[in-house]
Amino acid sequence: MSSDSTPNLSILEIVQQCNSMPSADILISTGNYYRFLFDDSVIGIVSSADIAALETACSQQETSRYPVVFEFNHLEKTLRFSAALSNSESRSDAVAELLARMRAEDSWASLAKWRNELYPIYAPTGDTNRVVAMVERASSYNFGIRTYGVHINGIVSGSDGVQRMWVGKRAATKQTWPGYLDQIVAGGIGNGMGVRESVIKECYEEGGIPESISQGARAAGTIQYFTRSVLGLQPETQYVYDLELPLDFVPKPTDGEVEEFYLWTIDQVVDNVRRNLFKPNCALCIIDFLIRRGYLTPENEPDYIEIIQNIHSALPFPGPK
């Protein structure tokens with residue numbers, strides 16, 4: 001995490017730290033990545049190194065209930081689920097068994113951060129079964145699948161006319177980005193949960209925000225980016241919500257994921273964004289807020305258009321309908 005002596009970054013530098021990867025087509029053209037296909041549509045992108053580990057694990061599955069999980073085409077550089085796995089349930093069960101073996105053998109570093117949380121891989125538009133398979137969240141980085149989450153901006157409009165934002169500091173025990181700053185509430189969407197349902201759930205679990213308040217959260221669009229972490233690739237869509245909070249409401253850490261909360265003016269929030277103290281995708285959500293609310297404009301930001309392009313990156317992977 002940056003120190004107080006770290007020079008401020010530009011807003012464009014901040015967003016490009018998160019939206020840091022070229023398009024999937026460009027990555028595939030390098031020859032170092034495989035297309036993860038379903039019905040000839042790209043549902044993910046997998047590095048050659050991860051393919052090698054996956055193929056080794058698959059070759060050891062002879063005694064499994066699912067002896068063939070994936071089909072590899074090294075000439076065309078493609079990965080597919082085995083045709084023998086004919087539905088979402090069989091694919092989910094087969095990949096769960098395989099990933100458990102890979103976790104035990106430390107095949108992918110990401111699996112050391114096992115979440116016991118399932119993420120959906122969506123089928124192409126028009127497919128009758130919208131979910132191809134459910135996979136352990138930690139493996140999403142290796143399969144390069146599109147993931148989804150909700151980020152809620154907690155806003156307070158003071159009697160002094162000054163707008164403030166609640167900011168959370170991530171616990172030091174968090175598996176990713178410990179100690180960094182975050183929205184008041186944010187979380188991934190898994191297990192087939194709906195977007196609004198995820199907002200209500202995360203508000204209560206992370207900030208102690210009751211449904212009587214969180215149901216007032218207003219949808220404010222999405223941000224999209226394609227990034228890489230130490231664990232792998234992450235093309236991601238975040239549903240953004242704004243939640244106006246009562247003046248006397250104080251969020252409380254309830255599930256151990258947040259260390260403490262701060263109520264800051266927008267200027268204080270921007271200062272900490274520019275000091276690179278926010279988790280990267282949280283910084284993007286704040287920058288999106290600044291644009292929507294007129295704090296960041298073409299008149300005061302020379303990189304305005306490029307910033308907007310970087311927080312709404314096109315992602316070619318199928319999504320929920």
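Author: Start with the rings: Phe36, Phe70, Phe81, Trp108 and Phe143 are linked into a cluster by ring pairs. Rings of Phe, Tyr and Trp (its six-membered ring) pair if their centres lie within 6.5 Å; planes under 30 degrees apart count as stacked, over 60 as edge-to-face and the rest as tilted. This is a predicted model, in which local features need pLDDT of at least 70 and side-chain atom pairs count only at pLDDT 80 or more, while totals for chains, interfaces and linings use all residues. Residues are numbered from 1 along each chain as its sequence is written, and side-chain values use heavy atoms, with hydrogens and water left out.

Reader: How many aromatic pairs does a search of the whole structure find?

Author: The search finds 11. One of them joins Phe226 and Phe317, edge-to-face, at 6.4 Å centre to centre and 80° between the planes.

Reader: Which parts does the pair of Phe226 and Phe317 tie together?

Author: Strands (E, at least two residues) and helices (H or I, at least four) are DSSP runs, numbered from the N terminus. Phe226 is in strand β11 (residues 218-229) and Phe317 in the segment after α10 (304-311), so the pair ties together parts 91 residues apart in sequence.

Reader: Are Phe226 and Phe317 buried or exposed?

Author: Buried means under 20% relative accessible area, exposed over 50%, and partly exposed in between (1.4 Å probe, protein chains only). Phe226 has 3% and is buried; Phe317 has 2% and is buried. Another aromatic pair, Phe289 and Tyr295, is stacked, at 6.3 Å centre to centre and 25° between the planes. Phe289 is buried at 0%, whereas Tyr295 is partly exposed at 34%.

Reader: Where is Thr176, and which residues does Thr176 touch?

Author: Contact means heavy atoms within 4.5 Å. Thr176 sits in the loop between β8 (163-170) and β9 (181-183). Not counting residues up to four places away in sequence, Thr176 touches Arg115, Tyr141 and Arg170. Thr176 is buried, because its relative accessible area is 16%.

Reader: What about Ala172?

Author: Ala172 also has its place in the loop between β8 and β9. Ala172 counts as exposed, because its relative accessibility is 62%. Its contacts are Pro178, Gly179 and Glu259, again leaving out residues up to four places away in sequence.

Reader: Which feature does UniProt place at residues 147-288?

Author: The unreviewed UniProt entry gives "domain: Nudix hydrolase" there. UniProt positions are in the numbering used here, feature names are shortened, and annotations may be inferred rather than shown by experiment. The span is 25% helix and 42% strand, and its end C-alpha atoms lie 19 Å apart.
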